[in-house]
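Please find below my notes on the model you sent. They cover domains, helix packing, sheets and backbone geometry.

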Amino acid sequence: MDTIILADWLSARLDRAAAEPMYRQVLELMQQAVLTSQLAPGTKLPSSRTLALDLGIARNTVLHVYEQLTAEGYVTSTTGSGTYVADTAPRDGALRQPPEATKAPCTISRRGERLIAQAGVSPKQWGAFMPGVPDVAEFPARTWSRLQARLWKRASPELLTYAPGGGYRPLRRALSDYLRVARSVKCQPDQIIITTGIHQSIDLAVRLLTDFGDRAWVEEPCYWGVRSVLQSSGLTLVPVPVDVEGLNPTARDMAEPPRIALVTPSHQYPLGMVMSLARRRALLEFARQHKVWIIEDDYDSEFRYGSRPLSSLQGLDDAGQVIYVGSLGKMLYPGLRMGYMVVPENLVDSFRTGVAELYREGQLMQQAVLTEFILDGHLTSHVRRMRGLYGERRELLINAIRSRFGDALPVRGDEAGLHFVLELPDTADDRAVAAAALGAGVVTRPLGHYYMNRLAAKKGLMLGYACVPNDQIATNFDRLAEVVEGMMASIVVS
Ligand SMILES: Cc1ncc(COP(=O)(O)O)c(C=O)c1O
């Protein structure tokens, strides 16, 4: 490319009426000229005084531009001899590829491709009937901000720097007390590791407990997010069927024990059943015999409407095979990004080092606020209040379904959690129904999305009721029902 007459070239491109400062415009144009070789390596730049005069701008502006270009390596300047365009072309022969090679698009890895192709995350995370989201509008924000303001007044350096060691010690103590009482988890504060949520807890457990290519049992169906975390860590996923009693491995599954098994015993995700005591004991025994790590995902078990919360699987484990993971996202608000894991005693040091090494923990101020929130009794009272509210919303939605469809479309899911499944006939295309519902302004998730084996998938829609105000449930359901009826003319209302 021809070397340019700098002042003319710049003058033709400067926009003197633009809001962007002159300094920035000149700098970016000159950087562009060097990168495209319009200012060839070795070219002597005009003096700052000359260029400023030619452009009709302040000399200081040009001086600052030259200083910045020098600092970033675009030009070199020697006192007395002037400023020259530097040779910035890549020197390594390997980098000088033939033109065809440089045109080839950069591609992501195979596991990256798989992750993106199977991604389940949706840009919309709020509104009727978004599953798995609590009513964040009910969060006691004033209480939280009062506690936060009080703590910031006495913030010490220790609370503001990195936080290696598994999290804020008083929070770990408060959580271990809470989990012992509310979830029958057997733990000491040291066994608690604070994370940014269940995704991170599982990621950490997988990195520390498995090797590339190891087998992992997941429930079929299961939460897509967990599947993505496991798969992108290079594990081989084995979908294990569930029935009314929870995980129900086949003889073939049992013949090839996995390294890790992921389960939701208190509230199977997404179908909602509880793992029976017999199945819990069988799984623990199998894990003990074959040295299988069990990850118990206890994501929303605070919310049971017909009975008291159920005990955890971890509480039955005498062999130290269970890693228990939980989240504050469903109890408080998902954007808080805070969760906890309870690890067996012999793994505590490894996990405390691992979490610090991989993620450079922090957020101790946030953890300190949460500690006060728990110790002052706000967590328990908020969960109690939300349990009442979500129970009402669940009932309102079920009533709306019954009055429109009778028993033609059954509701599946224990009396728990923040969502249930509205079953559709086997012939239905639940993905198409969910897409059409979204078009009508109603968020749902097709049940088929949660199965690895698409052919075995039951048909249905996941409906979250927790985040929908009581007076908006019926109207939103009517809109959804129109879509469902329109797409399945064959529904017979009994
Ligand atoms: C079964 C299950 N596990 C884990 C999570 C995510 O938890 P977290 O937000 O703490 O990462 C979800 C979110 O919906 C879930 O449904």
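1. Basis. This is a predicted model, in which local features need pLDDT of at least 70 and side-chain atom pairs count only at pLDDT 80 or more, while totals for chains, interfaces and linings use all residues. Residues are numbered from 1 along each chain as its sequence is written, and side-chain values use heavy atoms, with hydrogens and water left out.

2. Domains. The assignment, which is automatic or taken from a database, gives domain 1 (6–85), domain 2 (139–377) and domain 3 (381–487). Between the C-alpha centres of domain 1 and domain 3 there are 62 Å.

3. Helices α1 and α2. Helices (H or I, at least four residues) and strands (E, at least two) are DSSP runs, numbered from the N terminus. The axes of α1 (residues 6–13) and α2 (residues 22–35) come within 11 Å and cross at roughly 125°. Axes here are lines fitted to C-alpha atoms, for helices over the stretch in contact, and angles run from 0 to 180 degrees between N-to-C directions. That makes α1 oblique to α2 (under 35 degrees is roughly parallel, over 145 roughly antiparallel, 65 to 115 roughly perpendicular, the rest oblique). The crossing is right-handed, that is, the near helix is turned clockwise from the far one by less than a right angle. Leu6, Trp9, Leu10 and Arg13 of α1 meet Val26, Leu29, Met30 and Ala33 of α2, where contact means heavy atoms within 4.5 Å. By class this contact has seven nonpolar, no polar and one charged residues (nonpolar: Ala, Val, Leu, Ile, Met, Phe, Trp, Tyr, Cys and Pro; charged: Asp, Glu, Lys and Arg; polar: the others, Gly among them).

4. The eight-stranded sheet. This open sheet has mixed pairing and the order β3-β10-β9-β8-β7-β4-β5-β6; two strands pair if DSSP finds at least two bridges between them. At its edges are β3 (192–195) and β6 (246–247), each pairing on one side only. Strands β4 (residues 215–220) and β5 (residues 236–243) run parallel and are joined by six bridges, with glutamate 219 opposite valine 240 in β5. Helix α9 (residues 169–183) lies across β3, β9 (322–327) and β10 (339–342), at about 110° to β3.

5. The four-stranded sheet. A second open sheet has the order β11-β12-β14-β13 and antiparallel pairing. Its edge strands, β11 (411–412) and β13 (445–446), have a single partner each, so one side of each is left without a neighbour in the sheet. Five bridges connect the antiparallel strands β12 (residues 419–423) and β14 (residues 460–464); histidine 419 stands opposite glycine 464 in β14. Helix α17 (residues 430–439) packs on this sheet and touches β13 and β14, its direction making about 40° with that of β14.

6. Helices α17 and α18. Helix α17 also packs with α18 (residues 470–487), at about 140° and with the axes 9 Å apart. The pair is therefore oblique, and its crossing is right-handed. The contact joins Ala432, Val433, Ala436 and Ala437 of α17 to Leu480, Val483, Val484 and Met487 of α18; by class it has eight nonpolar, no polar and no charged residues.

7. Most residues other than glycine have a negative phi, and most peptide bonds are trans. The bond from alanine 128 to phenylalanine 129 is cis, with omega near -10°; phenylalanine 129 lies in the loop between α6 (110–117) and α7 (141–153). The bond from tyrosine 269 to proline 270 is also cis, with omega near 10°. Serine 37, not a glycine, has a positive phi of about 65°.
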